[in-house]
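Here is a short walk through one protein model. Keep the structure open and follow each stop in turn.

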Amino acid sequence: MSGHGRPLPVVLAGARGHGRWHLQNIRRLQDKGVVRLAGICELTPLTPAELAGFFTPVAGELPLQSPDFGSLLDSTGAAIAVICTPIPTHTDLALTAAARGVHLLLEKPPAPSYAEFRRMADGVAAAGVVCQIGFQSMGSHAVPAIRELIAKGTIGRVHGIGGAGVWGRAEEYYRRAPWAGRRRMNGADVVDGVLTNPLAHAVATALALDGATRAEDVAGIETELLRANDIESDDTSCVRVTTTGGKRITVAATLCAERPDEPYVLVHGDGGRITFWYKQDRVLVQRSGHGPQELTYGRTDLLENLVEHLEGRAGLLVAPDGTGAFMKVVEAIRRAPDPVALPRDAWYLDADENRRVVAGVDGLVAAAADTLALYSELGASWALSKEVST
């Protein structure tokens, strides 16, 4: 890569909230000499305490800070921008970086609509910069390993993939930012629902295990969007994707779990099944005539992979077009009718954790992943008929 040697100068846009994880990861890679934090774009500058450990090795100074993303990229000579800002800002910020020849790690979901996604992906491609989409589970070495098991016929013919996520979020979660839990804000799409943001990895990982990652791999989408919380968007939902290869991929998720647990993806074969707990890089293979086999895999960090790709030493793990199928799901959810409020007797308030809990939802989510059925097909009393998008 011309103009830069290690450590590559990085600007982080959005360093609070989930951005703190990126801040810590950049610190880790700075300590390894891979990158250096050159600048931070935040409306309110980070304090010296928040920036502890980030003195630059050359000048002994803290990174530059500015609310003006473009000028910060110019003044720091950034090679890479990490964008972890509200969903509706992703496309414009990505194009601001691309116009300056700055490569990108763009948080998921990459955009709030398929049109905005295409505007971003096409603009980045035209600018000739590299863009990595921040689906961290795609860095798990379990993903290619499971695809190899499937290709070898380890569990026979695969007929579908399920995904399940049961998490809990306190009511404060929806007050953490003005856009939280919104479908639209100030006339712009947000689409901050359970399947499009917090548990988006379940959807993207299920699609990846099937190899159905591009927009053209999707033949149809069915959605059931519901909410227990007093929000615009959905917190208890399921989606079923039919691929052009004829597979069914059903993902069910809630932020109103009775007992929050690790999310997973489940590959169904006629001779067995593979369960992948994608946050733990843990895999369980169960098949006819064999004992269960449990495996744990390593993981490649997406920012480190981006650097190695720019240096010509690795393939890029999550290119924009590799998230096209996921963005078709986002679009189907965006275009679906507004989520239906669950009846008051369907949920209760956990006073200790100040969060709403949907009775029986954990079992429904697991059953959806297990049977590839939607909530309405599983007999949930509060589920409405599915919305179909093609």
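The text below takes a helix pair and then some aromatic pairs.

This is a predicted model. Begin with helix α2, residues 69-76, and helix α3, residues 90-99. Their axes come within 10 Å. They cross at roughly 30 degrees. Angles under 35 degrees count as roughly parallel, so α2 is roughly parallel to α3. The crossing of α2 past α3 is right-handed.

Which residues of α2 and α3 make the contact? From α2 come Phe69, Gly70 and Leu73. From α3 come Leu93, Thr96 and Ala97. Sorted by class, the contact of α2 with α3 has 4 nonpolar and 2 polar residues. No charged residues take part in it.

Now turn to the aromatic rings. Searching the whole structure gives 5 aromatic pairs. One of them is Tyr114 with Phe117. The ring centres of Tyr114 and Phe117 are 5.7 Å apart, and their planes stand at 45 degrees. Planes under 30 degrees apart count as stacked and those over 60 as edge-to-face, so this pair is tilted.

Where do Tyr114 and Phe117 sit? Both belong to helix α4, residues 114-127. They are 3 residues apart, about one turn of the helix. Tyr114 is buried, because its relative accessible area is 17% and the cut-off for buried is under 20%. Phe117 is buried too, with a relative accessible area of 0%.

Tyr173 and Tyr174 form another aromatic pair. Their rings lie 5.1 Å apart, centre to centre. The angle between the planes is 85 degrees, and the pair is edge-to-face. Tyr173 and Tyr174 are both buried.

Technical notes: Residues are numbered from 1 along each chain as its sequence is written. This is a predicted model: local features need pLDDT of at least 70, side-chain atom pairs count only at pLDDT 80 or more; totals for chains, interfaces and linings use all residues. Side-chain values use heavy atoms; hydrogens and water are left out. Axes are lines fitted to C-alpha atoms, for helices over the stretch in contact, and angles run from 0 to 180 degrees between N-to-C directions. Helices (H or I, at least four residues) and strands (E, at least two) are DSSP runs, numbered from the N terminus. Angles under 35 degrees count as roughly parallel, over 145 as roughly antiparallel, 65 to 115 as roughly perpendicular and the rest as oblique. A crossing is left-handed if the near helix is turned anticlockwise from the far one by less than a right angle, and right-handed if clockwise. Contact means heavy atoms within 4.5 Å. Ala, Val, Leu, Ile, Met, Phe, Trp, Tyr, Cys and Pro count as nonpolar, Asp, Glu, Lys and Arg as charged, and the others, Gly among them, as polar. Rings of Phe, Tyr and Trp (its six-membered ring) pair if their centres lie within 6.5 Å; planes under 30 degrees apart count as stacked, over 60 as edge-to-face and the rest as tilted. Buried means under 20% relative accessible area, exposed over 50%, partly exposed in between (1.4 Å probe, protein chains only).
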